Amino acid sequence: MSRLFFLRKLRCFNVCSKMLEMFYRSVVTSSLYFAVVCWGSSIGAGDTNRLNKLVKKAGSIIGCKLDCPEEVVERRTLKKLLSILDNPDHPLHHLLQGQRSTFSNRLIQLRCHKDRHSRTFLPSAIRL
């Protein structure tokens with residue numbers, strides 16, 4: 001919220017929308033989405049709603065529609081999964097290669113306890 005205060009102040013000084021968006025992306029989203037891949041699907045509904053409200057407020061200040069946190073989570077999770085698959089030196093690379101289907105070459109969901117581990121990075125990334 002303190003970072004949105006600075007965004008509002010910049011708008012009061014008649015800064016152009018391109019500069020406002022650049023400030024938002026560099027200052028607000030950098031802290032907002034720092035650990036978005038780690039939170040992933042384990043973020044609670046209340047926290048998701050709070051993030052959505054914050055992003056909507058920032059969008060109304062800037063005057064454009066911004067990506068919602070769910071889209072950012074999906075995009076960054078898939079990007080991280082693909083970077084793991086492309087890097088044979090990554091510790092999870094061989095585990096994920098072992099999860100490929102012999103028939104279609106797609107990733108097969110990991111077997112894990114429903115409550116505890118189904119919302120962690122790998123199961124949610126493979127599901128996406």
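## Before we start

Contact here means heavy atoms within 4.5 Å. Helices are DSSP runs (H or I, at least four residues), numbered from the N terminus. This is a predicted model, in which local features need pLDDT of at least 70 and side-chain atom pairs count only at pLDDT 80 or more, while totals for chains, interfaces and linings use all residues. Residues are numbered from 1 along each chain as its sequence is written, and side-chain values use heavy atoms, leaving out hydrogens and water.

## H1 beside H4

Let's begin with helix H1 (residues 2–12). In H1, Leu4, Leu7, Arg8 and Arg11 meet Leu54, Lys57, Ala58, Ser60, Ile61 and Ile62 of H4. Sorted by class, this contact has six nonpolar, one polar and three charged residues. (Ala, Val, Leu, Ile, Met, Phe, Trp, Tyr, Cys and Pro count as nonpolar, Asp, Glu, Lys and Arg as charged, and the others, Gly among them, as polar.)

H1 and H4 pack at an angle of about 10 degrees, with their axes 10 Å apart. Axes are lines fitted to C-alpha atoms, for helices over the stretch in contact, and angles run from 0 to 180 degrees between N-to-C directions. The two helices, H1 and H4, are therefore roughly parallel, the word used for angles under 35 degrees.

## H2 against H4

How do H2 and H4 pack? Helix H2 (residues 17–32) and helix H4 (residues 45–62) have axes 10 Å apart, at an angle of about 165 degrees. That makes H2 roughly antiparallel to H4 (angles over 145 degrees).

On the H2 side, the contact is made by Ser17, Leu20, Glu21, Tyr24, Val28 and Leu32; H4 brings Leu51, Leu54, Val55, Ala58, Ile61 and Ile62. By class, the contact of H2 with H4 has ten nonpolar, one polar and one charged residues.

The whole structure has three salt bridges (a side-chain nitrogen of Lys or Arg within 4 Å of a carboxyl oxygen of Asp or Glu). Glutamate 21 and arginine 25 are separated by about one helical turn because they are four residues apart in helix H2.

Technical notes
Angles under 35 degrees count as roughly parallel, over 145 as roughly antiparallel, 65 to 115 as roughly perpendicular and the rest as oblique.
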